[in-house]
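Here are some notes for a colleague who is opening this model for the first time.

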Amino acid sequence: MSDSVLNTLCQVIEQRKNASADSSYVASLHKGGLNKILEKVGEESIETILAAKDAAQSGNNEKLIYETADLWFHSLVMLSSLGENAESVLTELQRRFNLSGLEEKAQRTKHK
C-alpha cells in the first residue's frame with residue numbers, strides 16, 4: 001500500500017478547507033461546522049456496516065470498498081477540522097505494534 005495516496009489526500013483536504021463552499025465539497029463540509037462533518041462520518045459508518053453485511057452474504061466486496069473509502073475520506077475531513085491529520089492516526093497505530101490487543105484495551109480502560 002502506498003502512503004502517498006493518503007498524504008496527497010490530506011494535502012488536498014487542507015488546501016480545500018478554506019476554499020469557496022460553492023466550488024469545494026470539503027469547504028462546504030467545513031462551512032457546515034463540526035456537527036455537519038460528524039453527521040457525515042456517522043452516515044458513512046452506517047453505510048459501511050450495511051455494505052459489510054451485504055458483502056458477507058453476496059461475496060462481492062465492491063460496495064464495501066466504496067463505502068469504506070467514503071468513511072476514510074470523511075474521517076480525514078473530521079481530523080482536519082480538529083487540526084489533526086492521518087499522520088496522527090498512523091503514529092498511534094504504530095505505537096500499538098508492540099502491544100497485544102488485550103494490553104492496548106487495558107491501557108484504554110485505565111485512561112478513561
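1. In which kind of crossing, left-handed or right-handed, does α2 pass α4? In this predicted model, α2 passes α4 in a right-handed crossing. The residues that make this contact are Y25, V26, L29 and H30 on the α2 side, and F73, H74, V77, S80 and S81 on the α4 side. By class, five of the contact residues are nonpolar and four are polar, while no charged residue takes part.

2. As for the geometry of this pair, helix α2 spans residues 25-32 and helix α4 spans residues 62-81, and their axes come within 11 Å and cross at roughly 55°. The two helices, α2 and α4, are therefore oblique to each other.

3. Helix α2 also packs with helix α3 (residues 34-58), at an angle of about 120° and with the axes 5 Å apart, which makes α2 oblique to α3. Here Y25, L29, H30 and G32 of α2 meet L34, K36, I37 and K40 of α3, and the residues of this contact divide into four nonpolar, two polar and two charged.

4. Y25 deserves a separate look. The structure holds one aromatic pair, formed by the rings of Y25 and F73, whose centres are 6.4 Å apart and whose planes lie at 20°, so the pair is stacked. Because Y25 lies in helix α2 and F73 in helix α4, the pair ties together parts that are 48 residues apart in sequence.

5. Is Y25 buried, exposed or partly exposed, and at what relative accessibility? Y25 has a relative accessibility of 42%, and so counts as partly exposed.

Technical notes:
Residues numbered from 1 in each chain as written. Predicted model: local features only at pLDDT ≥ 70, side-chain atom pairs only at ≥ 80, totals over all residues. Heavy atoms only, no water. Axes fitted to C-alpha atoms, helices over the stretch in contact; angles between N-to-C directions. Helix = DSSP H or I, 4+ residues; strand = E, 2+ residues; numbered from the N terminus. Parallel < 35°, antiparallel > 145°, perpendicular 65-115°, else oblique. Left-handed = near helix turned anticlockwise from the far one by under 90°. Contact = heavy atoms within 4.5 Å. Nonpolar A, V, L, I, M, F, W, Y, C, P; charged D, E, K, R; others polar. Phe/Tyr/Trp six-rings, centres within 6.5 Å; stacked < 30°, edge-to-face > 60°. Buried < 20%, exposed > 50% of the residue type's maximum accessible area, 1.4 Å probe, protein only.
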